[in-house]
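Have the sequence and the 3D view ready as you read.

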Amino acid sequence: EDTVTVDVEKTHCIITYKYESGTADKDLPDDFPAAPGPQTLNVGDEVPLPTPGETKIRVDGGIWTFLGWRSETGDNLNPPIIARVDMTIIGLWTFSEAYTLTYDANGGNADSVPTDSTAYTEGQTTTLTTEPKPTHAQAETPEGSVITDEKLVDVVFIGWSTTQTNKIFAAGEDYGDVVSQVTFKDQDITVYAVWGYDENGDGIA
């Protein structure tokens with residue numbers, strides 16, 4: 001019996017998506033979000049390159065960042081991609097260590113300082129906030145004050161420092177450097193409130 005071979009023109013393509021780590025010696029976590037499910041497209045249709053719901057995912061110790069879609073041979077994929085054959089499309093993620101920023105009341109009211117839950121990465125710079133503005137209980141008037149004879153005076157916030165000091169500064173004293181921004185290098189950062197006596201009651205140290 002003769003066998004007849006008929007060429008059938010391909011009309012559909014199956015597009016499969018998967019996620020992979022682009023960081024050497026670092027695998028995606030087991031509980032990492034799943035890649036989009038497979039799609040069946042007509043030949044000639046444009047292949048969707050969906051953006052993940054979150055392009056930065058924080059995990060213990062760092063952040064996974066979505067870089068984009070690649071072919072199995074490692075080529076970058078940029079739309080439009082036309083479906084002609086079955087394809088596996090790889091979503092590439094890279095890992096970077098993350099650091100924290102802590103605001104320390106430094107003798108002030110602990111519940112008055114800002115909190116920051118941001119995961120910062122190497123080289124990132126952030127502007128420090130004073131909202132809410134830190135507060136401090138009244139303190140004994142500095143010895144030798146020529147401004148007031150009150151036993152207690154207000155203590156006001158001067159700014160943030162990366163160096164901790166337990167001193168409350170009197171008018172005219174050098175309180176060192178205060179910073180408005182910090183840049184992350186290879187560790188977490190804590191900034192400390194700097195305090196001054198408000199001896200004349202004008203709200204300024």
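**Charged side chains at a glance**

E199 sits in the segment after β13 (189–198); strands are DSSP runs of E with at least two residues, numbered from the N terminus. This is a predicted model, in which local features need pLDDT of at least 70 and side-chain atom pairs count only at pLDDT 80 or more, while totals for chains, interfaces and linings use all residues. Residues are numbered from 1 along each chain as its sequence is written, and side-chain values use heavy atoms, leaving out hydrogens and water.

**A buried charge**
- E199 is buried (under 20% relative accessible area, with exposed over 50%, partly exposed in between, and a 1.4 Å probe).
- A polar atom of the E199 side chain lies 3.4 Å from the backbone nitrogen of A171.

**Salt bridges**
- How many salt bridges does the structure hold? There are three.
- D86 and K10 join their side chains in one of them, at 3.4 Å from N to O.
- D86 lies in the loop between β4 (62–70) and β5 (87–99) and K10 in the segment before β1, so this pair ties together parts that are 76 residues apart in sequence.
- K18 pairs with E20, with the closest N and O atoms 3.3 Å apart.
- K167 forms a salt bridge with E173, where the closest N and O atoms are 3.3 Å apart.
- K167 is partly exposed, because its relative accessible area is 40%.

**An exposed loop residue**
- D30 lies in the loop between β1 (12–21) and β2 (39–42).
- D30 counts as exposed because its relative accessibility is 84%.

Key. Helices (H or I, at least four residues) and strands (E, at least two) are DSSP runs, numbered from the N terminus. Lys and Arg count as positive and Asp and Glu as negative; His and the chain ends are not counted. A salt bridge is a side-chain nitrogen of Lys or Arg within 4 Å of a carboxyl oxygen of Asp or Glu. A polar contact is a pair of N or O atoms within 3.5 Å; within protein, one must be able to donate a hydrogen and the other to accept it, and residues adjacent in sequence count only if both atoms are side-chain atoms.
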